[in-house]
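Please keep the sequence and the coordinates at hand while reading.

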Amino acid sequence: MFECCASSCVSEYEVFLEEPEPFSLPSPLPQWPKGKDFATGKICLGDIEVVQITKFDKIWSCTPLYRKAGGVTFYKPIGIPDGYFSLGHYCQLSNRILRGYVLVAKSVSTDKSRISDSPALEKPVSYTLVWSEDTSRDGCGYIWLPNPPEGYKPMGFVVTIEPNEPDLEEVRCVRDDLTESCEVGEVIFDRKSLFPSGSFYVWDTKPCSRGMLCRGVPVGTFLCSGDEDLEDELSIACLKNLDSSLTAMPNLEQVHALIKHYGPTLYFHPDEAYLPSSVSWFFENGSLLYKEGRDEGLTVDSKGSNLPGGGRNDGEFWLDLPDEENDKDYVKSGDIESAELYVHVKPASGGAFTDIAMWIFCPFNGPATIKAGALSYTFNRIGQHVGDWEHYTLRLSNFNGELWSVYFSEHSGGEWLDASNLEFIDGNKAAVYASKSGHASYPREGCYLQGSDKLGIGASNDCAKSDYCVDSSTRYQVIAAEYLGEDIVEPHWLQYMREWGPTIVYDSRSELEKILKHLPFFVRFSLENFIEIFPTELYGEEGPTGPKEKDNWLGDER
């Protein structure tokens with residue numbers, strides 16, 4: 001058990017008494033087309049059935065010792081349907097709009113699902129107090145870990161404002177075989193202290209194994225500890241979906257309805273010189289397939305049916321622009337009128353969510369622009385390459401079809417953004433911005449620096465609205481949805497696993513030296529240190545592989 005005491009003035013404390021407003025999408029959800037268990041409010045995971053709860057009652061708030069960051073508030077799920085049981089409480093930042101969920105569960109038994117004679121859910125045998133606080137600032141708060149019966153695991157913690165152990169009826173523990181191991185995600189709250197007994201940490205959790213083929217289902221609860229260094233196996237677990245039929249995933253008609261309702265508009269910069277095109281336009285306008293040891297390129301048909309399919313990226317084949325310079329420049333510019341989003345639909349979070357990954361193709365990625373304070377310099381060649389695949393991903397709840405978050409792919413990384421932080425431009429459709437020349441996706445207009453924020457030096461990703469845009473709610477093609485079986489026929493070009501452009505290594509030193517000469521004295525440093533700041537992809541021209549060769553095709557987003 002860990003305890004902490006501190007004092008604070010009343011006026012500061014009152015800030016945290018204000019209840020945050022719950023988030024709602026700008027427009028109500030439509031009536032989705034009928035079909036199996038998608039958007040029915042419940043999901044069967046085998047021996048248990050779960051419901052997503054998004055309404056809460058506040059229990060207690062905890063504030064930081066030194067007021068350098070916001071506090072956290074702990075909530076109890078309310079409106080739990082009859083027959084279902086809580087698995088744990090919810091926690092989030094106090095100064096954030098109320099936005100989260102926890103799953104509640106009930107036992108279901110069918111001959112097909114039952115794999116054990118033991119009940120799927122059991123009450124804990126007792127609780128262990130892992131944290132308590134009694135201060136004039138925060139009042140009394142107690143955080144308890146359920147102690148499960150043998151063969152069961154707890155899914156979350158229970159929070160009270162009384163020192164007595166919670167009622168054993170408060171939560172249920174889940175049978176071992178219905179759980180998956182989990183790991184901590186982002187730190188929700190970090191209260192460091194000069195004294196070990198005063199430190200307190202709260203994290204959200206996620207399944208250790210994540211991706212299209214994984215079965216771990218996050219419960220929405222939190223992990224807390226007085227120790228920053230956690231053991232390999234956490235004290236709580238996630239759920240596991242044992243229902244291989246994934247009946248809560250949307251059927252094809254529902255997929256189209258979801259895209260029509262949520263499909264973002266993808267904006268390109270008004271000064272963008274390298275616009276997107278359809279893949280067929282790229283093939284029809286002279287792109288060539290090269291093979292190692294062969295000097296001449298082979299014309300590719302409009303469907304890519306003569307591309308080598310399957311295998312792996314072994315460097316044996318690559319695509320390139322047409323031979324004639326005028327044709328090259330024409331293809332580099334792209335054709336936004338033909339552009340469309342290529343959609344991959346896949347299970348996420350063990351089938352509790354659906355990921356709709358939307359890929360855009362640009363025939364050419366332009367040179368990088370470097371920003372150092374007020375100085376801006378565009379390279380001649382560094383950063384450019386033939387063939388550019390970028391994407392963003394919508395994550396939707398299979399309980400009701402609600403948009404939960406969007407992943408923005410940003411060069412070699414990216415970030416998830418909760419729906420409450422999106423820029424909505426038309427009902428529940430958000431804006432996505434493609435950066436100038438590099439086409440990485442971002443949630444808002446502005447300049448995003450990729451390098452050293454501290455020094456103010458890095459690769460500049462400039463985003464702005466313009467008439468160059470693609471409405472993904474209408475201009476899209478579903479190219480893959482493995483769980484739908486034969487409902488989707490994947491295009492020939494999707495099976496091409498090699499590079500969509502040639503590999504060229506630059507002598508980048510001369511161009512970088514030009515920049516160093518213009519840097520102010522107080523930020524000037526050695527060329528070697530300067531190189532380390534920037535993304536490695538700036539130093540060579542390498543055509544990317546297609547969507548199916550990316551890690552996130554089967555795996556989760558980075």
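How many residues lie between β29 and β30 in the hairpin that they form, and which residue in the turn has a positive phi? There are five residues between the two strands, and G401 is the turn residue with a positive phi, of about 80 degrees. Strands here are DSSP runs of E with at least two residues, numbered from the N terminus.

The model is predicted, so that local features need pLDDT of at least 70 and side-chain atom pairs count only at pLDDT 80 or more, while totals for chains, interfaces and linings use all residues. Residues are numbered from 1 along each chain as its sequence is written, and side-chain values use heavy atoms, with hydrogens and water left out.

Strand β29 covers residues 385–397 and pairs with β30 in the antiparallel sense over five bridges; two strands count as paired if DSSP finds at least two bridges between them. Within this pairing, Y392 stands opposite F408 of β30. Strand β30 is also joined to β31 (residues 413–418), by six antiparallel bridges, and here V406 stands opposite L417. The hairpin of β30 and β31 has two residues between the strands, and H411 takes a positive phi near 60 degrees.

Strand β30 is mostly covered, with eight of its eight residues buried (under 20% relative accessible area, with a 1.4 Å probe and protein chains only). E410 belongs to this strand, which spans residues 403–410. Although buried, E410 has no salt bridge, defined as a side-chain nitrogen of Lys or Arg within 4 Å of a carboxyl oxygen of Asp or Glu. The nearest side chain of opposite charge is that of R444, 11 Å away; Lys and Arg count as positive and Asp and Glu as negative, whereas His and the chain ends are not counted. Apart from neighbours within four places in sequence, E410 is in contact with E415, A440, S441 and Y442, contact meaning heavy atoms within 4.5 Å.

Elsewhere, four strands form an open sheet with antiparallel pairing, in the order β2-β3-β8-β6. Because β2 (42–44) and β6 (85–86) stand at the edges with a single partner strand each, one side of each is left without a neighbour in the sheet.

Definitions and conventions:
Buried < 20%, exposed > 50% of the residue type's maximum accessible area, 1.4 Å probe, protein only.
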